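Please look through the notes below with the model open beside you. They are meant for someone who is meeting it for the first time.

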Amino acid sequence: MTELLTLNEEHIPKLPRHAKLRFDEARKKWIINAPERVFELDEIASEIIQLVNGESSINVIIDALCDKFEGAPREVISKDTLSMLQSLADKGFVII
Amino acid sequence: MSELEIKQNNSSEVKPNASVKEKLQIPYAVLCELTHRCPLSCPYCSNPVELEMKSKEIDTETWKRALSEAVKIGILQAHFSGGEPTARKDLEELIQHASSIGLYTNLITSGVLITEERLKKFYDAGLDHVQVSIQDTDPENSEKIAGYKGHAKKLHTCGLIRKVGLPLTVNAVMHRQNLHNLKSMIDLAVELDAERLEVAQVQYYGWALKNQTAFLPTKEQLDNATEIVEEARVRLKGILAIDYVVPDYYAKRPKSCMGGWGRQFLNITPAGKVLPCHAAESLNFLEFDNIKDKPLSWIWENSDAFNRFRGTSWMPEPCQSCDRKEIDWGGCRCQAFALTGNENATDPTCEFSPYRNVLDEPLSNVGKEEIPEFIYRKINVRKPLNGIGHNSNKSPKS
């Protein structure tokens with residue numbers, strides 16, 4: 001049975017086989033295909049999800065985003081990243 | 001991040017998008033009805049009353065071409081359905097093709113014809129998700145509704161799906177004759193390790209309309225069901241997602257059927273006809289273009305059938321001046337036509353519809369009438385059937 005997952009910065013997130021990330025040419029957007037639903041990712045969510053590779057911890061992902069978006073406070077990036085990944089984890093589309 | 005539900009059944013959860021207007025949308029999903037052949041004969045089947053024979057089915061190459069054209073117009077997901085799609089021997093080849101061109105693939109099945117070996121082939125071909133229908137948790141009633149002895153096999157198939165490593169959705173059409181088992185259906189979905197349970201409602205056109213009295217739930221049943229779902233959603237958060245909407249007859253506003261006509265979705269029939277909705281053939285005045293004759297992109301943009309109810313300009317009053325017209329897109333055309341004989345009629349579900357009485361009248365009799373025998377879905381209505389549930393000597397009442 002599936003367990004409820006609460007993410008923290010130490011976790012190494014990945015997408016399960018049935019959640020598929022790809023760039024959609026027709027919509028010019030990053031999307032995640034999942035059973036009978038599609039997540040259309042905004043700019044921030046796209047940046048986060050592209051760093052999810054099953055190897056980097058959320059900590060590492062946040063650091064990479066801090067490097068990329070210089071000037072944005074780490075706590076803001078951390079909050080956005082955790083909440084975005086958690087919303088997918090709640091539905092089983094992000095796992096560890 | 002926005003989440004869009006793109007299941008073919010109606011749903012109230014699709015959010016309105018203020019910027020859409022009459023602009024042509026990029027479709028999300030194609031429902032490939034590979035065949036109308038099916039060992040089951042559920043009396044609420046969404047297939048048309050006039051079913052296609054095997055000899056009319058389009059071939060493997062035509063399906064592959066249709067899938068390739070679907071990707072080109074921006075479609076993201078392909079649902080393989082039927083009838084029973086596993087009755088097609090080329091299913092693994094079609095899954096392989098769809099997956100190789102980037103489509104997300106979903107198999108919608110009764111589960112009664114699948115072996116573990118074949119399921120592994122589907123997995124290796126790139127299948128992403130499986131949806132299995134379960135008619136009831138009580139095996140006897142389940143088999144009576146399906147008109148087929150396959151309940152244990154279905155449960156076995158669900159186990160195989162999880163064993164192979166595919167996510168599972170249980171689809172349960174709930175109605176007067178099984179709503180008392182909703183709680184155990186939720187328990188069963190958890191036990192089967194399903195990720196989603198779709199509590200589907202009967203829509204009354206085609207086969208289901210012939211069986212309306214047998215299926216319409218009582219108000220008490222429905223209130224009880226809503227309570228059960230609300231409790232389970234909280235208890236099972238992160239474990240089992242439950243899709244559930246109040247059925248039209250008890251609702252006050254229509255649902256955004258198909259996310260709006262010709263906006264998100266298209267359906268290809270076993271014979272290659274391209275429809276805006278799997279039930280659209282019940283709108284018997286519409287003419288449909290065929291994938292054998294025209295490219296999918298042309299059909300999406302130009303087919304009369306797609307343009308007939310696309311957008312809002314076709315709507316009568318009170319829809320035309322309603323602030324929800326771009327939320328529900330006029331509701332379900334098939335049910336509106338079946339119940340009123342007027343294809344443009346305001347969906348009778350709506351409390352402002354002049355036709356609301358066509359729903360209220362049957363509702364006022366629910367629970368008072370004797371439950372009639374089912375009229376089962378079958379390809380040739382004159383042929384006697386051997387399946388269980390067909391042996392009654394009483395003639396069915398329509």
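At what angle do helix H3 and helix H5 of chain B pack, and how many Å apart are their axes?

1. This is a predicted model, in which local features need pLDDT of at least 70, side-chain atom pairs count only at pLDDT 80 or more, and totals for chains, interfaces and linings use all residues. Residues are numbered from 1 along each chain as its sequence is written, while chains are lettered from A and ligands numbered from 1 in the order in which they are written.

2. Helix H3 (residues 116-125) and helix H5 (residues 151-164) of chain B pack at an angle of about 40°, and their axes are 10 Å apart; axes are lines fitted to C-alpha atoms, for helices over the stretch in contact, and angles run from 0 to 180 degrees between N-to-C directions. Helices here (H or I, at least four residues) and strands (E, at least two) are DSSP runs, numbered from the N terminus.

3. H3(B) and H5(B) are therefore oblique to each other, a term for what remains once angles under 35 degrees (roughly parallel), over 145 (roughly antiparallel) and 65 to 115 (roughly perpendicular) are set aside.

4. Ala241(B) lies in strand S8 (residues 241-244) of chain B, and it counts as buried because it has 20 C-beta neighbours inside 10 Å; buried requires 20 or more other C-beta atoms within 10 Å, exposed 12 or fewer, and partly exposed falls in between, with C-beta atoms placed from the backbone.

5. Leaving aside neighbours within four places in sequence, Ala241(B) is in contact (C-beta atoms, placed from the backbone, within 7 Å) with Lys91(A), Glu195(B) and Arg196(B).

6. The contact between the chains takes 24 residues from chain A and 27 residues from chain B.

Notes:
Two residues are in contact if their C-beta atoms, placed from the backbone, lie within 7 Å.
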